[in-house]
Amino acid sequence: MATALQARCVFLGAPGAGKGTQAKKVADGAALAHISTGDMLRQEVAAGTALGRQARTFMDAGKLVPDDVIIGMVRARIQQPDAKTAWILDGFPRTLPQAEALDRSLTGATALTHVIYFAVPEAALVGRLSGRRTCSKCGAIWHVEHKPTRRAGICDACGGELAQRSDDRPEAIGKRLEVYRSQTAPLLAYYRDRRVLREVDADRSPEIVYQELLKLMQ
Ligand SMILES: [Zn+2]
């Protein structure tokens, strides 16, 4: 078990780079709040809220949910008591306007401490995404080849049913990678200029990547 980290980080990388899996693991191990905009949106969709209905049409098409919707949701989340001083943002920001809005929301004692870029070759990303399955009950992430469950289609952690996210279906994957290249990749230069960018070679085993993340986030 790692010790608590006082870090406020963004995990940045293409879809399938392993950000979500590592964010959960680091947050649990080092007592940080895990703020996944994807999970938050999926909860809104499942609950059938107005925000969820609005978000769904974009997600099903592999598109990004509009900036103002996401920004409002994240601002509210980082003001919660469990997220005052230490958190990992997973899946946000994804566009330059989102990054600028985040900088405006965070000042002094709440400013970002790290932005970690998960580097993975594009060919590896497609295999990772298309085989990914998510537990519909507890949100655990599995993979049909790289991290199979003991019983096909059933979560080892809670017995819930596994599902393929609509945006992990083949027709949405190409679109997501294209959106990443055009809208999210420019954030690397933005954060490099602000001297907060660190890079991890994420095309390695999850355990090695995890250990390196803990070192980078000290
Ligand atoms: Zn589960």
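How many nonpolar, polar and charged residues does the lining of the largest cavity have? The answer is given below, under the heading on the cavity.

## Basis of the model

This is a predicted model, in which local features need pLDDT of at least 70 and side-chain atom pairs count only at pLDDT 80 or more, while totals for chains, interfaces and linings use all residues. Residues are numbered from 1 along each chain as its sequence is written, and side-chain values use heavy atoms, with hydrogens and water left out.

## Overall form

The protein contains nine helices and eight strands; these are DSSP runs numbered from the N terminus, helices being H or I of at least four residues and strands E of at least two. Its radius of gyration, taken over C-alpha atoms, is 17 Å, close to the 17 Å that the globule rule gives for 218 residues, so the protein is as compact as a globular protein of that length. The globule rule is 2.2 Å times the number of residues to the power 0.38.

Along the principal axes, the C-alpha atoms fill a box of roughly 50 × 40 × 35 Å. Of the 218 residues, 47% are buried, that is, under 20% relative accessible area with a 1.4 Å probe and protein chains only.

## The cavity

The structure holds one cavity of 30 Å³ or more. A cavity is a set of points on a 1 Å grid over the protein atoms alone where a 1.4 Å probe fits but cannot get out, and lining residues have an atom within 4 Å of a point. The volume of the largest cavity is about 30 Å³, counted as the space filled by probe spheres set on the points, which are joined across faces, edges and corners.

I71, V74, R75, I78, F92, A101, L102 and S105 line the largest cavity. Two or more lining residues come from each of α4 (67-77) and α5 (96-105). By class, this lining has six nonpolar, one polar and one charged residues; Ala, Val, Leu, Ile, Met, Phe, Trp, Tyr, Cys and Pro count as nonpolar, Asp, Glu, Lys and Arg as charged, and the others, Gly among them, as polar.

## Residue D90

D90 is found in strand β3 (residues 87-90) and is buried, with a relative accessible area of 9%. Leaving aside neighbours within four places in sequence, D90 is in contact (heavy atoms within 4.5 Å) with K19, G20, A23, H34, I35, S36 and T37.

How values were computed
1 Å grid on protein atoms, 1.4 Å probe; cavity = no way out; pocket = protein on both sides within 12 Å on 5 of 7 lines; lining within 4 Å. Buried < 20%, exposed > 50% of the residue type's maximum accessible area, 1.4 Å probe, protein only.
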